[in-house]
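Hi everyone, thanks for coming along. Let's take a few minutes to look at a protein together, going from one place to the next.

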Amino acid sequence: MRVATDIGGTFTDLVYVDDDGNFGVAKSHTTPPNFEQGVINVIQKSGINPQAIRTFIHGTTVIINALTERKGAKTGLITTKGFRDVLEIARGNRPDLFNLRYKKPEPFVERYLRQEVEERLNYKGEIIVPLNKEQIKEIVSYFKKEKVEAIAVSYLHSYVNPVHEQETVEIIKALWPDVAVTASHEVTKEWREYERTNTAVLNSCVKPIAASYIDRLQAELIENQTNSQNFIMQSNGGTTTFSQAKQTPIHMVESGPVAGIYGAKVLGEMIGEKNIIAFDIGGTTAKCSLINNGEVKVTTDYYIEKNERSAGYPIKVPVVDIVEIGNGGGSIAWIDEAGSLKVGPQSAGALPGPVAYGLGGTEPTTTDANLVTGRLSPENFDYQVDLENVRRAIKEKVADYYGISVEEAALGIIRIANSNMLNALKLISIRKGYDPREFALIAFGGGGPMHAPALAKELGVKKVIVPVASSVFSAWGMLMTDLRHDYIQTYIKRLANIDLTEINKEWANLESRAFFQYNEEGITEENVLFTRFADMRYLGQEHTVKVPVPNGKWTSGILEEITHRFHQLHEQHYTFKLEDTPTEIVNLHLTAFGKVKKPVLKKIQKTGSKIENALKEVRPVFYEDKGWLNTEVYYRNLLEPDMEITGPAIVEEPSASTVLYPGQLLTVDQYGNLIIDTGGGVIDGKYQVKNGPVYP
C-alpha cells in the first residue's frame, strides 16, 4: 500500500492506494506545533493498517513556517575575506522604487555572527589564496561561545571549485561534530554570490528543525508498526528520502503545494489536457501554477516574503513556478483605515478557525461567508455549527459598517476573495504571455471547486475540472510522483565558441552525480531518466531563458537547433528576438527522475442509476446579480459517468462543494472527475469546449 500525507495550515490530508488500485482518503485537523501527531491522527482516522504501508510520502509546511516565523536555529556564517556584508548589500532592484523610507530585508544572520576567512579562488576555480585553516578553528571557538546552533559556509567561486568549502566543513565537523553545517556548493552550484550565500544560510537555519521533525515523524511511524520506505516531497515536484531531506531541507520549502501542481499534470495526461492552470485553495492560502504543453515550469529564481513592498529573500534551488497568496477558507474579512473591505492575508487557521467551527473564532472568514450564502452546508462541518453566531459576526464586523444585509456582506467577502484570487491567476497566465482561454483549469483543495467556476468565467477559461477527492488532491499528487533531483552547474560559454568535447564531458559529469546519488537511494540505473535544460541569454543580457535541450552527445547540428529554440522562447517571454546577436549558455540544468511504480486510476463502472437518485435537496443559494435562487444539491459519490447537471447547482462531498452558476454545464467523466463547461463556444476555430478539446 502507498500512502501520502500533506500537512496544510488547517487540515492534514491523507490518500492511500492498495495493491488492487483502490483509493481511499481521510482528513484530520493539523496539530501545530507537533505536526507529526496530525499525521498519525489522520492515519488512524483513515482506518488503514499501518503494517500494510509499504511506501509513505509526506509533504510538510514545517520549513516555510520556520523561515517566515523566524523560528530557525541561531546561525553563523563563514565567508571569504571582504564578503562579510554580502547579505546586507543584497541587490539594488528594490520593488518599492519611490519609497524614500524603504529598508532592505534584514539578514537572517546578524553581522557579529558573519565571520571572514583568508582564502580566494578566481572565476575559473583556480586557487589564488590558500585557505587559512587556523582562522577556521578560531571562528568555531567563537561560535561555540556565542551558542550558535548551525553554520553556513559560502566562499567566492565555490560553485566552480568547492575545495575550500569542503576543507572548512571537515575542520568544523572534527572540532564540533554536533553542529549543523551547510556548504553553499551542497545546495546550489549556480553563480550569484548573494543568492547562493542566502540559500546556504537558510538551509543551515532550518537544518536542526528539519532533522528534529523528520526524526520525530519516523519515530511515530515506527511506534505505530509502520515498516515503510519513507519519502518527502520536494519543491521541484519530486520526492527524496528522509535522510537526504535532513541534509538539504531547503528543498522542502514548498513541499506541500507543488504536489498538487504535479498531480494536475498527471491528471491532464490521463484525460488529454496538456494546457492546464492548476488552482489550489486551502484553509490559509490560494496557490496556482501554469502547465504549458504538459510541462511543469521549474525555476531557481524563487523568493520568500517577496511582495510589492519587500524584496524578500532569494532561495537558489529548483522550485515549481507557483504564485501563492494569503486567501483561503480561513482568511479573515476586515475593514482598513480607509473603509475598504479586505480579505486576508490574516487567517484564522486551524485554531480558533472560522466562526463556524465554534472554537472561539470571532472574525468572519471566507468559509463563514460561503456558509451564509448557502454554498456550504452545516452538515459537512466536523463541528456543530451555530449559524446565528456566524451571521452575527458578519453583521457586526462588516454589514453594519456599510449599512447592508448580512447576505450582501457575505457576498461582498466572497467577491473580494475572488478578486484576489483572480489577480493571482492573471499573474501566471496573462502576465506571462499566455491566453487563459487556451487552458483548462483544474480546481482542488477544500475551496477550489467552490470558487473556480466563477473565476474561470471571469478569466475566460472555458473548462473547469474538479478531480476525484479534490480536497486532498495534493496528497494524491504525491502518490503519482517519481523521485527527482536537479543538478545545476554554472557554465558560461558563448554558443559559437563551445568546445563540444568539453560540454559533453560536463553533461556526463552531471549524469554521473545523478547515478551515484540514486545508487545511494537504492534506485538502479535503468530506472533513472534524464531531462536537460540550458539557461541561455543574448550576449550582454542579465536575464536568462530556460531552454529544453536534447539528451545524448551534442553536435554542431544540435547547437543550431538549441539556438533556434532560444530565439523562439525569448520572443514568447519578452516579445522580441535578436537573431543576429551572439548567444551564450549560463547554466547547465540536468533533471534526473528515479522512476517508481505508481498506481493506476480505475474507471468508474456504470450501474444504470438515474441523476435523480443523486439529488440531496433543493435549497436557496445567494448568487451575484441573481439574489436567492432555489438550487439543486447533489451527492458527488452517487454521480456516474456521462451524467449531466445544469446550473445553478451544487455538488457536495464531505470536505468540498462545487458551485455551478446559472447556465454552466457539468458532466461526469469515466474517472469520476467533474467537467464544467463555463460557457461553451469556440476560440479561433481551435478549441470547442462542450465536445472536449479539438485541434484541427
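**A walk through pockets, cavities and helices**

Let's begin with the second largest pocket, which has 31 residues in its lining, and those nearest its centre are Glu186, Gln244, Thr248, Arg513 and Gln517. Before going further, please keep in mind that what you see is a predicted model.

How big is this pocket? The volume of the second largest pocket is about 850 Å³. Which parts of the chain build its lining? At least two residues each come from helix H6 (184–187), helix H8 (242–247), strand S25 (483–494) and helix H15 (500–520). Strand S25 contributes the most, with five residues. If we sort the lining of this pocket by class, we get seven nonpolar, 13 polar and eleven charged residues.

Now let's turn to the cavities. A probe the size of a water molecule, rolled over the atoms, shows where empty space is left. In this structure, there are two cavities of 30 Å³ or more.

The largest cavity has a volume of about 50 Å³. Around it you will find Leu87, Ala90, Pro105, Glu106, Pro107, Phe108, Tyr194, Asn198, Gly312 and Tyr313. By class, that lining splits into seven nonpolar residues, two polar and one charged.

The second largest cavity comes to about 40 Å³. Its lining is made of Ser289, Leu290, Lys297, Asp321, Ile428, Lys432 and Tyr434. Here the classes are three nonpolar, one polar and three charged.

Next, a pair of helices. How do H11 and H12 sit against each other? Helix H11 covers residues 387–402 and helix H12 covers residues 406–427; they pack at an angle of about 75°, and their axes are 9 Å apart. The two helices are therefore roughly perpendicular to each other. In the contact of H11 with H12, seven residues are nonpolar, none are polar and three are charged. On the H11 side, the residues are Arg391, Ile394, Lys395, Val398 and Ala399, and they meet Val406, Glu407, Ala409, Ala410 and Ile413 in H12.

Last stop: the record. An unreviewed UniProt entry annotates residues 2–174 as "domain: Hydantoinase/oxoprolinase N-terminal". How far apart are the ends of that span in the model? The end C-alpha atoms of residues 2–174 are 40 Å apart, and the span is 28% helix and 26% strand.

That's the tour, and I'm happy to go back to any of these places with you.

Definitions and conventions:
Residues are numbered from 1 along each chain as its sequence is written. This is a predicted model: local features need pLDDT of at least 70, side-chain atom pairs count only at pLDDT 80 or more; totals for chains, interfaces and linings use all residues. Side-chain values use heavy atoms; hydrogens and water are left out. Axes are lines fitted to C-alpha atoms, for helices over the stretch in contact, and angles run from 0 to 180 degrees between N-to-C directions. Helices (H or I, at least four residues) and strands (E, at least two) are DSSP runs, numbered from the N terminus. Angles under 35 degrees count as roughly parallel, over 145 as roughly antiparallel, 65 to 115 as roughly perpendicular and the rest as oblique. Contact means heavy atoms within 4.5 Å. Ala, Val, Leu, Ile, Met, Phe, Trp, Tyr, Cys and Pro count as nonpolar, Asp, Glu, Lys and Arg as charged, and the others, Gly among them, as polar. UniProt positions are given in the numbering used here, feature names are shortened, and annotations may be inferred rather than shown by experiment. On a 1 Å grid over the protein atoms alone, a cavity is a set of points where a 1.4 Å probe fits but cannot get out, and a pocket is an open set with protein on both sides within 12 Å along at least five of seven lines; lining residues have an atom within 4 Å of a point. Grid points are joined across faces, edges and corners, and a volume is the space filled by probe spheres set on the points.
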